[in-house]
Amino acid sequence: VQLQAYGGGWVQAGGSLRLSCAPSGEAIRNYNMGWFRQVPGKEREFVCGIRRSGSNTCPSGRFTLSRDNAKNTIYLQMNSLKPEDTAVYYCAGDSRRTVAIRDAQSYNYWGQGTEVTVSS
């Protein structure tokens, strides 16, 4: 499965960005999906995740995750961005029921990453 992540870019603090991720050749509703982010020297950090059932979780109230089955895409809406949100954002997917949605090591498939830069 290939995951295509896109939508990153540069934004001023307080602004918003929407990231998208779509699996090629697979129905996204069959996959548990997650967004992670990483800065140099640190481990990947869980941002948001959505299970096959559609239930989702985002620790930060500034971020929301949605899934459009018709477009076979998940969207990470990021609002009130802060400079500390600057990172490379990765989407991940796995079809197994046993996926620990917040654990990066649980996922078999990863997108290439999209860079988000938030300036102060």
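Cysteine 91 is buried, at a relative accessible area of 0%, where buried means under 20% relative accessible area, exposed over 50% and partly exposed in between (1.4 Å probe, protein chains only). This is a predicted model, in which local features need pLDDT of at least 70 and side-chain atom pairs count only at pLDDT 80 or more, while totals for chains, interfaces and linings use all residues. Residues are numbered from 1 along each chain as its sequence is written, and side-chain values use heavy atoms, with hydrogens and water left out.

The partner of cysteine 91 in a disulfide is cysteine 21, with 2.1 Å between the sulfur atoms; a disulfide is taken as a pair of cysteine sulfur atoms within 2.5 Å. The pair links distant parts of the chain, 70 residues apart: cysteine 21 belongs to strand 3 (residues 17–24) and cysteine 91 to strand 9 (residues 87–94). Strands (E, at least two residues) and helices (H or I, at least four) are DSSP runs, numbered from the N terminus. The link of cysteine 21 and cysteine 91 is right-handed, with 60° about the S-S bond. Cysteine 21 counts as buried because its relative accessibility is 0%.

A search of the whole structure gives two disulfides. Cysteine 48 and cysteine 58 form a disulfide with their sulfur atoms 2.0 Å apart. This pair also links distant parts of the chain, ten residues apart, with cysteine 48 in strand 5 (residues 45–50) and cysteine 58 in the loop between strand 6 (56–57) and strand 7 (63–68). The torsion about the S-S bond of cysteine 48 and cysteine 58 is about 125°, so this disulfide is right-handed. Cysteine 48 and cysteine 58 are both buried.

With bonded cysteines counted along the chain, the disulfides follow the pattern 1-4, 2-3.

## Aspartate 94

Strand 9 also holds aspartate 94, which is buried, with a relative accessible area of 1%. Its side chain makes a polar contact with the side chain of arginine 96 (2.9 Å). A polar contact is a pair of N or O atoms within 3.5 Å; within protein, one must be able to donate a hydrogen and the other to accept it, and residues adjacent in sequence count only if both atoms are side-chain atoms.

Leaving aside neighbours within four places in sequence, aspartate 94 is in contact (heavy atoms within 4.5 Å) with Tyr31, Asn32, Val99, Ser106, Tyr107 and Asn108.

## Aromatic pairs

The whole structure contains six aromatic pairs. Rings of Phe, Tyr and Trp (its six-membered ring) pair if their centres lie within 6.5 Å; planes under 30 degrees apart count as stacked, over 60 as edge-to-face and the rest as tilted. The rings of phenylalanine 36 and phenylalanine 46 have centres 5.6 Å apart and planes at 70°, so they are edge-to-face. Phenylalanine 36 is in strand 4 (residues 32–38) and phenylalanine 46 in strand 5, so the pair ties together parts ten residues apart in sequence. Both phenylalanine 36 and phenylalanine 46 are buried.

Phenylalanine 36 and tyrosine 107 also form an edge-to-face pair, 5.5 Å centre to centre and with 80° between the planes. Tyrosine 107 lies in the loop between strand 9 and strand 10 (109–110), so its pair with phenylalanine 36 ties together parts 71 residues apart in sequence. Tyrosine 107 counts as buried at 5% relative accessibility. Ring pairs link Phe36, Phe46, Tyr90, Tyr107 and Trp110 into a cluster.

## Arginine 44

The charged end of arginine 44 sits over the ring of tyrosine 90, 3.7 Å from its centre. Arginine 44 also lies over the face of tryptophan 110, at 4.5 Å from the ring centre. A charge sits over a ring if NZ of Lys or CZ of Arg is within 6 Å of the ring centre and within 35 degrees of the ring normal.
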